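Thanks for coming. I will go through one model this morning, starting with its pocket and then moving to the helices and the loops.

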Amino acid sequence: MFEDLDGRTAVITGGARGLGYSLATALARQGMRVALLDVLPSVEESAVRLAAEYGVEARGWVVDVTDPDAVEAVFAEAEAEMGAPSVLITAAGITIWGESVDVPADTWKKVIAVNLDGTFFSAQAFARRALAAAEPASVIFISSMSGFIVNEPQFQASYNSSKAAVSHLATSLAVEWASGGIRVNAIAPGYFLSDMTREFTEANPELAEQWIGRIPAGRMGEPEDLHGLVTYLASESSSYLTGQSIVIDGGYTAV
């Protein structure tokens, strides 16, 4: 139990389902208030479920993280209702496969907008409030091992590039905001069985077998495998850890 998290406020983008919601439960178990942000209307129901299951204050807001004005407005509303946030997790993200010679410009721009722009706009709105509060704060970006390696056999240059940028953004902001008491780190997961990934692997078992065959741990990650790392990074127990991208992939990138 990280007692310093109890009663503080966390914001999670992409929090309606999947890894985002799972990470929200990890912080709720620590007694944190939780603001869930997502483009999906179901985010409001997810917040109700989180509050009921963990006995914490939780609220959901529908927002497009690629719209900086909308993001700023939601953060202002969340702060007014729940207090200045001290933890941010940016789990909103998408991937679109396709051969690069055929990828339409709009598709490329969409992936970069959600994964990179959305991460920055959310961090920007969070930092404005954290700096004004003058209290220790932690930003946790969800990057990917794909920011360090090229996945096979799928082609996803836009996703790989966006996640490499997210990891370097974490380093850049960590240096810029260190004097203000804001730590910024990134978690770079490998193949994890989020809701969407589980649906895909069930529909494409042969591809799932290829992925698992390259993972030394012999399995894909479960969302709960990220909980310990996320709560540690959120807590002041990691107060000297900043500017890092931590790969958690069952050994995939080690071979």
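**The pocket and its neighbours**

The largest pocket has 43 lining residues, and those nearest its centre are Gly93, Ile94, Thr95, Ser194 and Met196. Before going on: this is a predicted model, in which local features need pLDDT of at least 70 and side-chain atom pairs count only at pLDDT 80 or more, while totals for chains, interfaces and linings use all residues. Residues are numbered from 1 along each chain as its sequence is written, and side-chain values use heavy atoms, with hydrogens and water left out.

Now the terms. The largest pocket holds about 1200 Å³ of space, where volume is the space filled by probe spheres set on the points, and points are joined across faces, edges and corners.

Which elements supply at least two residues each to the lining of the largest pocket? They are α1 (18-28), β2 (33-38), α4 (105-133), α5 (157-177) and α6 (195-203). Helices (H or I, at least four residues) and strands (E, at least two) are DSSP runs, numbered from the N terminus. The largest share, four residues, comes from α6. By class, the lining has 21 nonpolar, 16 polar and six charged residues; Ala, Val, Leu, Ile, Met, Phe, Trp, Tyr, Cys and Pro count as nonpolar, Asp, Glu, Lys and Arg as charged, and the others, Gly among them, as polar.

Next, helix packing. α4 and α5 pack at an angle of about 15°, with their axes 8 Å apart. Axes are lines fitted to C-alpha atoms, for helices over the stretch in contact, and angles run from 0 to 180 degrees between N-to-C directions. α4 and α5 are therefore roughly parallel to each other; that label covers angles under 35 degrees, with over 145 roughly antiparallel, 65 to 115 roughly perpendicular and the rest oblique. Contact here means heavy atoms within 4.5 Å. Among the residues that meet are Trp108, Ile112 and Phe120 in α4 and Tyr159, Val166 and Trp177 in α5. That contact has 14 nonpolar, six polar and one charged residues.

On to α3 (residues 68-82), which packs against α4 at about 40°, with the axes 9 Å apart. Residues in this contact include Glu72, Phe75 and Glu79 in α3, and Phe126, Arg128 and Arg129 in α4. The contact divides into seven nonpolar, one polar and four charged residues.

How are α6 and α7 set relative to each other, roughly parallel or roughly perpendicular? Their angle is about 110°, with axes 5 Å apart, and they are therefore roughly perpendicular. Phe200 in α6 and Trp211 in α7 are among the residues of this contact.

Last, two loop details. The peptide bond from glutamate 152 to proline 153 is cis, with omega near 5°, and proline 153 sits in the loop between β5 (137-142) and α5. Alanine 134, in the loop between α4 and β5, has a positive phi, near 55°. Most residues other than glycine have a negative phi, and most peptide bonds are trans.

Methods. On a 1 Å grid over the protein atoms alone, a cavity is a set of points where a 1.4 Å probe fits but cannot get out, and a pocket is an open set with protein on both sides within 12 Å along at least five of seven lines; lining residues have an atom within 4 Å of a point.
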